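User: Could you take me through this structure by question and answer, giving the cut-off behind each term as it comes up?

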Amino acid sequence: MKGTLTQNWLDRALGAVAPTWQLQRVRARIAADLVARHYEAADIGRRTQGWRRAAGDANAVNERSLAALREHARDLVRNNGLAAQAVRTIANHTVGYGIVAKPNPFDQATHDAWKRWAESTDCDADGVDNFYGLEKLVMRTIAESGEVLVRRRWRKLTDGYALPFQVQVLEPDHLDTGKTQRLPNGGRIINGVEFDVLGNRVAYWLFPEHPGASGGLSIASGSKRYDAADVQHVFDRTRPGQVRSV
């Protein structure tokens, strides 16, 4: 069987008269075999000649693939029942009927305001979902597109909402992936996410409209800077230093 260490006549002889020495010898042979396999995995041969391996960090590798992977995933969800069901299942099992906040029960005014806001469409900048519907939309977007943006939109008290803000769920396409540069203040922008000199997220460069909207007016007008305090970027970080997700 592949992976089994075969004993020769010397192994059997040593095992009979010096088992401790034989055990050390077998361990050394196993270690040498593992090292040889390790280097074999790095070889370029018939089995790996078409294997393209990127050497960049997470951001350099992701930048080239973000848009294409999103488009492929969305097309599968639109046209493949199994893919569509997978996204629904992930959202349902994660959020269910909604992850419910519990305001301080002794603060009745706050409790009532939250209930009026969260259990109506007042919380949704698009005026479609309640808060729990937005949670499911966020999870669906993560499952399908790898990441999602949740923006807080402040409203005037005179607008009549129970709380003076709404939540806007944005697809990751709104992030200006091509915006990567060093800043004069020592900070930098990576794939549309701005960091200060200490590495803290301070802003997001977003297209006001979806880049795929008819006419392409959003890209033509360029991305705009939005304070990170009003934007939640939800994604699965799998590598150190990773800024975006696929």
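**Charged residues and their partners**

User: Is Arg70 buried or exposed, and what is its relative accessible area?
Analyst: Arg70 is buried, a class that means under 20% relative accessible area, with exposed over 50% and partly exposed in between (1.4 Å probe, protein chains only). This is a predicted model, in which local features need pLDDT of at least 70, side-chain atom pairs count only at pLDDT 80 or more, and totals for chains, interfaces and linings use all residues. Residues are numbered from 1 along each chain as its sequence is written, and side-chain values use heavy atoms, with hydrogens and water left out. For Arg70 the relative accessible area is 8%.

User: Which residue meets the side chain of Arg70 in a salt bridge?
Analyst: A salt bridge is a side-chain nitrogen of Lys or Arg within 4 Å of a carboxyl oxygen of Asp or Glu, and Arg70 forms one with Asp173 at 3.6 Å, N to O. The pair links distant parts of the chain, 103 residues apart, with Arg70 in helix 4 and Asp173 in the loop between strand 2 and strand 3 (181-182); helices (H or I, at least four residues) and strands (E, at least two) are DSSP runs numbered from the N terminus.

User: At what N to O distance do the side chains of Lys115 and Glu119 meet?
Analyst: A search of the whole structure finds 8 salt bridges. Lys115 counts as partly exposed at 42% relative accessibility, and Glu119 is also partly exposed, with a relative accessible area of 44%. The N to O distance of the salt bridge between Lys115 and Glu119 is 3.2 Å.

User: How far from Glu144 is the nearest side chain of opposite charge?
Analyst: Glu144 sits in helix 7 (residues 131-145), and it touches Ala73, Arg74, Val77 and Val87, not counting residues up to four places away in sequence, where contact means heavy atoms within 4.5 Å. Lys and Arg count as positive and Asp and Glu as negative, while His and the chain ends are not counted. Glu144 is buried yet has no salt bridge, and its nearest side chain of opposite charge, Arg74, is at 4.0 Å.

**Helix 7**

User: How far apart are the end C-alpha atoms of helix 7?
Analyst: The expected span of a helix is 1.5 Å times one less than its number of residues. For the 15 residues of helix 7 this should give 21 Å, which agrees with the separation of its end C-alpha atoms, 21 Å.

User: Which residue caps the N-terminal end of helix 7?
Analyst: Helix 7 is followed by Gly146, whose phi is positive, near 90°. At the N-terminal end, a side-chain oxygen of the capping residue lies 3.1 Å from the backbone nitrogen of Tyr132, and that residue is Asn130.

User: Which elements do the buried residues of helix 7 pack against?
Analyst: The buried residues of helix 7 include Phe131, Tyr132, Leu134, Val138, Ile142 and Glu144. They pack against helix 4 (66-79), helix 5 (81-95), helix 6 (108-118), strand 1 (147-154), strand 2 (165-170) and strand 8 (231-235).

**Two loop residues**

User: What is the length of the polar contact between the side chains of Ser223 and Asp176?
Analyst: Ser223 lies in the loop between helix 8 (217-221) and strand 7 (224-227), and it is buried, with a relative accessible area of 17%. A polar contact is a pair of N or O atoms within 3.5 Å; within protein, one must be able to donate a hydrogen and the other to accept it, and residues adjacent in sequence count only if both atoms are side-chain atoms. The polar contact that joins the side chains of Ser223 and Asp176 is 2.8 Å.

User: What is the phi of Asn191?
Analyst: Asn191 is found in the loop between strand 4 (188-190) and strand 5 (193-195), and at 1% relative accessibility it counts as buried. Although Asn191 is not a glycine, its phi is positive, at about 55°.
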